[in-house]
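Q: Can we go through how the two chains meet? Start with the terms, please.

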Amino acid sequence: MSGSALFDAPGPLARRRILIASVLAGAGVALVAVLLIKRLAENGQFSADKWGPLLHEDKLFPFLAVGLMNTIIAAVIALALALPFGIVLAVGRRSRYRWLRILCAIYVDFVRGMPVLLLMFFFFLAFPILFQMDLPALWAVVLALTIFNGAIICEIVRAGLTSLPVGQYEAASAIGMRRMQIVRLILLPQALRAMLPALIGQFVILIKDSSLGFVIGYEELLARSQAAGLLFNNPLQIYAVTAAVYIVLNVSVSWLSHRISRRQARRDKGKQSVPPQSWQEPTTVPSLNK
Amino acid sequence: MDTLIQEGPTIFGAFVTALRLALLAGMGALVLGIFTAAMRVSPVPPLRWTAAVYINLVRNTPLTVVFFIVVFGLPQVQIRLPFFTFAVIALGVYTATFVAEAIRSGIQSIPDGQLEAARSLGMTFPKTMRHVVLPQASRTVVAPMASVLIALVKNTSIASAFGVAEAMSAMTSLVNVHSSEVVMIMFVTACGYVLIALLIGRLFAWVERRTAVLR
């Protein structure tokens, strides 16, 4: 489907035009690349003293590797906490009791509207004052990420629960199961399996958001890259390497999500698909084209 | 409470700066995003690959890293601009990828039959685009656009760490000055962001309702 459906299978004239356009475009891209490299080279960005530390300093990569480990630790802990939290919120939002539904809705819509950075500042600055105890940067980062992603995961799981056929609940209730049993044993497993790609995608976003930790002094990858860049005066090189690390990390996690969604598509071919991206930002009117 | 009344104008002004940042970056992102989306679906392979590389590289990098590369990397090649401009560039380049993906998904959501019908009527590519593709795609694009815009407004908070005096940096400096009212200041700032997000959500929901077609 996709792009190829926009234009017919190209005939000989179209093929020739596309070939010419490709050559021109290729030349254009090459030109831009050459100019870029020239600009970088003129400013000594390819020189030995910029790349030297990356290639020769023994302690640099272990230093950054610890940063990467801290990034992964924060992301994994935050996910481990946010996932159950989000599930609880999702179930709460579909509760029989109106007060619980409203409470969860207020929480989710409020938290989703604010930046993660604000939550990190809250745990870093306000928490020690409120509770008279110091919070290590790791926990400020993890708690902020948990609070925020709990709300997002709530919306993801809710989308999954809504996508399930109503008959599931009706059938289970007809054989005498209680509400929480049905949710726990029948609805949630299916909803989670359906939303697994979205949840893994959210994990990628979580990894990216962990980099905000540098603002409150958490020694994750970006904070360490900043320190290294200042020390060796090669910020562009270090940040390029950092970006590459993040890209490799996130692409690997996303690839995993693709594999899972493909295996799922093979398994349940007739199922209805979930309305795309209905768990993202708050639009208060339900979409008319479900 | 008095702190609030006293510092109200500061907070408000800071949010105006944040919105200005979001608006400028958003416009840049829209232009760049549309351009990139066009490249992404074009039949010319080099354009498609360049766009795909750009989108995939930038989407998988944290915004903070993009900020670092722009704010600390560009001066290394003799490009020195005010922090605000750097922030607009970083936010624009980052958000453009999400705009491009939203537009691409909008175009792909059009049923094949539409395009087949257009072709069997003899419509050329520009005519198809104008009368068939873009009107339908723009309806599907509205919802994710709201998402992208709200994320952009929230992302302006990151500029606070890079020398831009917007809402988040105003909050931190106020918290330093009035350290007894930390929670109140933070709560007010949070409410500001949430209010903006809800307003944008409502606006786009209204647009969606107006352009919705029951299928």
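A: Contact here means heavy atoms within 4.5 Å. This is a predicted model: local features need pLDDT of at least 70, side-chain atom pairs count only at pLDDT 80 or more, and totals for chains, interfaces and linings use all residues. Residues are numbered from 1 along each chain as its sequence is written.

Q: OK, how many residues of chain A are in contact with chain B?
A: 60 residues of chain A, and they touch 67 residues of chain B.

Q: How much area do chain A and chain B bury?
A: About 5400 Å², with 73% of it on carbon and sulfur atoms. Buried area is the accessible area (1.4 Å probe) that two parts lose on being put together, summed over both.

Q: How many salt bridges across the interface of chain A and chain B?
A: The rule finds zero. It asks for a side-chain nitrogen of Lys or Arg within 4 Å of a carboxyl oxygen of Asp or Glu.

Q: Which helix of chain A gives the most to the side that touches chain B?
A: Helix 12 of chain A, with ten residues. Helices are DSSP runs of H or I, at least four residues, numbered from the N terminus.

Q: Switching to chain B: where is B:Q76 found?
A: In the loop between helix 3 (63-73) and helix 4 (83-108) of chain B.

Q: Buried or exposed, B:Q76?
A: B:Q76 is buried, at a relative accessible area of 16%. Buried means under 20%, exposed over 50%, partly exposed in between (1.4 Å probe, protein chains only).

Q: And what is B:Q76 in contact with?
A: Leaving aside neighbours within four places in sequence, B:Q76 touches A:N43, A:Q45, A:K50, A:N233 and A:P235.

Methods
Chains lettered and ligands numbered in written order. Heavy atoms only, no water. Helix = DSSP H or I, 4+ residues; strand = E, 2+ residues; numbered from the N terminus.
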